[in-house]
Amino acid sequence: MLKINKLLVAYDGSAQSQKALDWAIDIIEYTHADLLIVSVVTPPIVYSGFDQNSGIMLGPLWEIAEQETKKVLDTALTYCRDKNVPAQTILLHGIPDDEIIKYAHQQEINMIICGTRGLGGFEGLLLGSVAQKLVTYAKMPVLVIK
Ligand SMILES: Nc1ncnc2c1ncn2[C@@H]1O[C@H](COP(=O)(O)OP(=O)(O)OP(=O)(O)O)[C@@H](O)[C@H]1O
Ligand SMILES: [Mg+2]
């Protein structure tokens, strides 16, 4: 039997990712799956410093990006709490699709839910690049919400 134990929502704070979260909340009502909400901090384009030991970019721009992502995840968590829906948030660093896929495989997620588009602005594309990569490379089903 098809069993969804762990549902992962890719959340970037966009209206589409909010819709994805709403669908996830509906689905866990029936499946009683664990709801995990992941948001990936993307390295700022402007390079502001480098830590020799970790190889991770540091500096004010990186910190601002991280703070923004924390706020985005807090908003999602508050949204779930207001609906009495238990959820866990995960903040990752790096290239969004790579990190989401790696995490989903490690955690044996049964299904990923994302939006068709996110915060990026290339209206011409049918699907955003993160959504495309998730659909193409994740080994579990991906539900793309529009
Ligand atoms: N940084 C992120 N962290 C978590 N989920 C993300 C992130 N970026 C995108 N997503 C997920 O992927 C979905 C599609 O967004 P995507 O980034 O592919 O589109 P876009 O921003 O319009 O285009 P692009 O990023 O290619 O310019 C979002 O609705 C969200 O579910
Ligand atoms: Mg994007």
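Modeller: In this predicted model, a residue is called buried if 20 or more other C-beta atoms lie within 10 Å of its own.

Colleague: Which residues of H4 are buried?

Modeller: Val130, Ala131 and Leu134 of H4 are buried, because each of them meets that cut-off of 20 or more other C-beta atoms within 10 Å. Across the protein chain, buried residues make up 30% of the 146 residues.

Colleague: Why are the buried residues of H4 said to line one face of the helix?

Modeller: Seen down the axis of H4, the buried residues fall within an arc of 100°, so they line one face of that helix. In general, an α-helix has 3.6 residues a turn, so residues three or four places apart point the same way.

Colleague: What do the buried residues of H4 pack against?

Modeller: They pack against strand E1 (6-10), helix H3, strand E4 (111-115) and strand E5 (142-145).

Colleague: How do the axes of H3 and H4 cross, and how close do they come?

Modeller: The axes of helix H3 (residues 96-106) and helix H4 (residues 129-137) come within 9 Å and cross at roughly 35°, and the crossing is right-handed. On the H3 side the contact is made by Pro96, Asp97, Ile100 and Ile101, while H4 contributes Val130, Lys133, Leu134 and Tyr137.

How values were computed: Residues numbered from 1 in each chain as written. Chains lettered and ligands numbered in written order. Predicted model: local features only at pLDDT ≥ 70, side-chain atom pairs only at ≥ 80, totals over all residues. Buried ≥ 20, exposed ≤ 12 C-beta atoms within 10 Å, placed from the backbone. Axes fitted to C-alpha atoms, helices over the stretch in contact; angles between N-to-C directions. Helix = DSSP H or I, 4+ residues; strand = E, 2+ residues; numbered from the N terminus. Left-handed = near helix turned anticlockwise from the far one by under 90°. Contact = placed C-beta atoms within 7 Å. Arc of directions from axis to C-beta.
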